[in-house]
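Please go through the structure below with an eye to its backbone, its sheet and its charged pairs. A short report follows.

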Amino acid sequence: MAINFTVTGEDKGSRARLGLLKTPHGTVQTPIFMPVGTQAGVKTMTPEEVRQAGGRMILSNTYHLYLRPGHDIVAEAGGLHNFMHWDGPILTDSGGFQVFSLSPLRRITEQGVTFRSHIDGSEHFFSPEKSMEIQMALGADVAMAFDECAPYPCSYEEARAAVERTTRWAEQCLKHHHREDQALFGIIQGGVHRDLRLKSAAEITALGFPGFGIGGLSVGEPKPLMYEVLDYLVPAMPADKPRYLMGVGSPDCLLEGVARGVDMFDCVLPTRIARNGTVFTRDGKLVVRNAEYARDFRPMDPECGCYACRNYSRAYIRHLIKANEVLGIRLTTWHNLHFVLRLMEEIRAAIAGGYFVEYKNKFLQRFKLE
């Protein structure tokens, strides 16, 4: 098997747990947050900087790498690890979410999805077989099954059809995936409908994947509704396999997800808001590009020990951003990645030390939500 997952500890006051995920490119500790390198690069950061910030496993995007440079070129380069100079584990998503979210012009059939490129409008076709072909060529440690992600909100019938198609496509992915050094995870859908979520969980977990993604959340639904789904869904998932909540990365959601038994997370949020001049602090978000920080010579987060906070002030970083200097968004990106990855380190320590619930409550009491 391409991966091995072991639960190494459990929190007595919640469903939070510790684990080790062993992959062909190293073993990582869970719960883990995976920075997103959509196009084979975490925006503005070198792989060495991502690792210095605390990154140990990253995510890349099948849809984007298929469109450019092309999975054939990545394969010719020796695979994604060689191509992007990252020696740690990589997970590639199936491309399904982008097919549905980025392409307003698409046609869904039982065979797959015909869509137009968001780059040049050219027409393409994604199917379970095609997704497996691309991901096997990319060569990540973990690939994801091709699924249909129903939007929020959508009708019950739309959600049900997406669940049934996701199961059929998962079966096809298993038939066509044959790369032995790559694990294939299934994805559970069902929107916010309890019976559909549990139906999807039963069908997808029965197929025997070595890990499972929770798809179709963090797509616009209220956070309490997402937590409600996790409350009943996670106990329906195998306890001995990793649980991956896709597309979630705000500090509060990471804590709430871990508390409900989730092991893996990814999200563009930390890097995306950094490029807009917004950073995480222990007190919540800080928009460092705002005029009020023009003469603020404190670090972005006085309690942070990242490279940016050790060496640069809010005033300087604001100046760089306002002047359109790339260094500004490099520093905000470095900080946000360090903040989230440090949070995961503290979460793991709290679970190991038996004080996770106390840690979670204390963090959330101080962290101001929008």
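## Positive phi values

His85 is exposed, because its relative accessibility of 53% is over the 50% mark. In this predicted model, His85 sits in the loop between α4 (80–84) and β6 (90–92). Its phi is near 60°, a positive value in a residue other than glycine.

Asn324 has a positive phi too, of about 60°, and is not a glycine. The loop between α13 (314–322) and α14 (326–353) holds Asn324. With 70% relative accessibility, Asn324 counts as exposed.

## Cis peptide bonds

The bond from Arg68 to Pro69 is cis, with omega near 10°. Pro69 belongs to the loop between α2 (62–67) and α3 (71–76).

The bond from Tyr152 to Pro153 is cis, with omega near 0°. Pro153 falls in the loop between β10 (142–144) and α7.

## Overall build

How many helices and strands does the protein have? There are 15 helices and 16 strands. The C-alpha trace spans about 60 × 50 × 40 Å along its principal axes.

Of the 370 residues, 57% count as buried. Take the contacts between residues at least 6 apart in sequence: 66% of them join residues at least 24 apart.

## The parallel sheet

Eight strands make an open sheet with parallel pairing. The order is β4-β14-β13-β12-β11-β10-β6-β5. Which strands stand at the edges? They are β4 (32–34) and β5 (58–60). Each has a single partner strand, so one side of each is left without a neighbour in the sheet. From one strand to the next, the twist averages 30°.

Strands of a sheet pair through backbone hydrogen bonds, in a parallel or an antiparallel sense. Here, β12 (residues 212–214) and β13 (residues 243–245) pair in the parallel sense over three bridges. Phe212 has Arg243 as its bridge partner in β13. Helix α8 (residues 194–205) lies across β11 and β12. Its direction is at about 160° to β11.

## Salt bridges

Side chains of opposite charge can pair when their charged atoms come close. The structure holds 24 salt bridges. One of them joins Arg107 and Glu123, with the closest N and O atoms 3.9 Å apart. This pair links distant parts of the chain: Arg107 is in strand β7 (residues 106–108), Glu123 is in strand β9 (residues 123–126), and 16 residues separate them. Arg107 is partly exposed at 49% relative accessible area. Glu123 is also partly exposed, at 45%.

Glu110 and Arg165 meet in a salt bridge, 3.9 Å from N to O. Glu110 lies in the loop between β7 and β8 (113–116) and Arg165 in helix α7, so the pair ties together parts 55 residues apart in sequence. Glu110 is partly exposed, with a relative accessible area of 29%. Arg165 counts as buried at 16%.

Asp252 and Lys223 form a salt bridge, their closest N and O atoms being 2.7 Å apart. Asp252 is in helix α10 (residues 251–259) and Lys223 in helix α9 (residues 223–233), so this pair ties together parts 29 residues apart in sequence. Buried or partly exposed: which applies to Asp252? Asp252 is buried, with a relative accessible area of 3%. Lys223 is partly exposed, at 35%. Elsewhere, salt bridges that share partners join Glu110, Glu148, Arg165 and Arg168 into one network.

## A buried glutamine

Gln182 occupies the loop between α7 (156–176) and β11 (183–188). Its relative accessible area is 4%, under the 20% cut-off, so Gln182 counts as buried.

What does the side chain of Gln182 join through a polar contact? The partner is the side chain of His177, at 2.8 Å. Leaving aside residues up to four places away in sequence, Gln182 touches Ala2, Gln135, Met136, Gly139, Ala140, Asp141, Val142, Ala143 and His177.

Definitions and conventions. Residues numbered from 1 in each chain as written. Predicted model: local features only at pLDDT ≥ 70, side-chain atom pairs only at ≥ 80, totals over all residues. Heavy atoms only, no water. Helix = DSSP H or I, 4+ residues; strand = E, 2+ residues; numbered from the N terminus. Buried < 20%, exposed > 50% of the residue type's maximum accessible area, 1.4 Å probe, protein only. Polar contact = N/O pair within 3.5 Å; in protein donor to acceptor, adjacent residues only side chain to side chain. Contact = heavy atoms within 4.5 Å. Salt bridge = Lys/Arg side-chain N within 4 Å of Asp/Glu carboxyl O. Pairing = 2+ DSSP bridges. Axes fitted to C-alpha atoms, helices over the stretch in contact; angles between N-to-C directions.
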